[in-house]
Amino acid sequence: MASYVLEAIKDSAELRRRAPEWRDVCDAERSSCFARPEWVLAYNDVFEPSPLVVFAYAGKRLAGVFPCRESSHRLGRTLATLGGDHVPELELVLSGDRER
């Protein structure tokens with residue numbers, strides 16, 4: 001079984017820096033436009049002033065991306081997908097060469 005290192009990134013500048021490898025995974029997996037960095041970063045600029053994107057690495061290779069929002073509650077924090085009624089689909093982008 002493969003092991004992954006997860007990195008939760010909130011900094012917009014860092015998200016933009018990681019956009020090329022994120023885009024490469026989206027291209028390879030034919031992800032919807034709503035999983036791509038171009039859409040997520042624009043969405044965050046307008047609707048989510050505190051973006052959060054979780055990157056999953058298998059060694060040095062980016063294996064997955066989960067754009068989400070973080071909510072704080074009385075009992076802790078939760079992660080949820082971005083969007084709402086105006087976003088028809090959101091997805092977790094995973095590299096196709098991962099173990100199943």
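Among contacts in the protein (heavy atoms within 4.5 Å) between residues at least 6 apart in sequence, 60% join residues at least 24 apart. This is a predicted model, where local features need pLDDT of at least 70 and side-chain atom pairs count only at pLDDT 80 or more, while totals for chains, interfaces and linings use all residues. Residues are numbered from 1 along each chain as its sequence is written, and side-chain values use heavy atoms, with hydrogens and water left out.

**Overall layout**

- You get two helices and five strands here, where helices (H or I, at least four residues) and strands (E, at least two) are DSSP runs numbered from the N terminus.
- Reading from the N terminus, the order is β-α-α-β-β-β-β.
- Of the 100 residues in the protein, 38% are buried; buried means under 20% relative accessible area, exposed over 50% and partly exposed in between, with a 1.4 Å probe and protein chains only.

**Helix 1**

- Helix 1 covers residues 12–29, and its end C-alpha atoms sit 24 Å apart, which agrees with the 26 Å its 18 residues should span at 1.5 Å a residue (the expected span is 1.5 Å times one less than the number of residues).
- There's a bend of about 50 degrees at A19, with a proline, P20, following within four residues; the bend is the angle between axes fitted to the seven residues ending there and the seven starting there.
- The buried residues of helix 1 are E14, L15, R18, A19, W22, V25 and C26.
- An α-helix has 3.6 residues a turn, so residues three or four places apart point the same way.

**Helix 1 against helix 2**

- The axes of helix 1 and helix 2 (residues 37–46) come within 9 Å and cross at roughly 140 degrees; axes are lines fitted to C-alpha atoms, for helices over the stretch in contact, and angles run from 0 to 180 degrees between N-to-C directions.
- That makes the pair oblique, given that under 35 degrees is roughly parallel, over 145 roughly antiparallel, 65 to 115 roughly perpendicular and the rest oblique.
- Helix 1 brings L15, R16, A19, W22, R23 and C26 to the contact, and helix 2 brings P37, E38, V40, L41 and D45.
- Sorted by type, the contact residues are seven nonpolar, no polar and four charged (Ala, Val, Leu, Ile, Met, Phe, Trp, Tyr, Cys and Pro count as nonpolar, Asp, Glu, Lys and Arg as charged, and the others, Gly among them, as polar).

**Two residues to look up**

- R30 is in the loop between helix 1 and helix 2, and is exposed at 77% relative accessible area.
- Phi of R30 is positive, near 50 degrees, in a residue other than glycine.
- G64, in strand 3 (residues 61–73), is buried at 2% relative accessible area.
- G64 and V54 are 10 residues apart in sequence and 8.2 Å apart in space, C-alpha to C-alpha.
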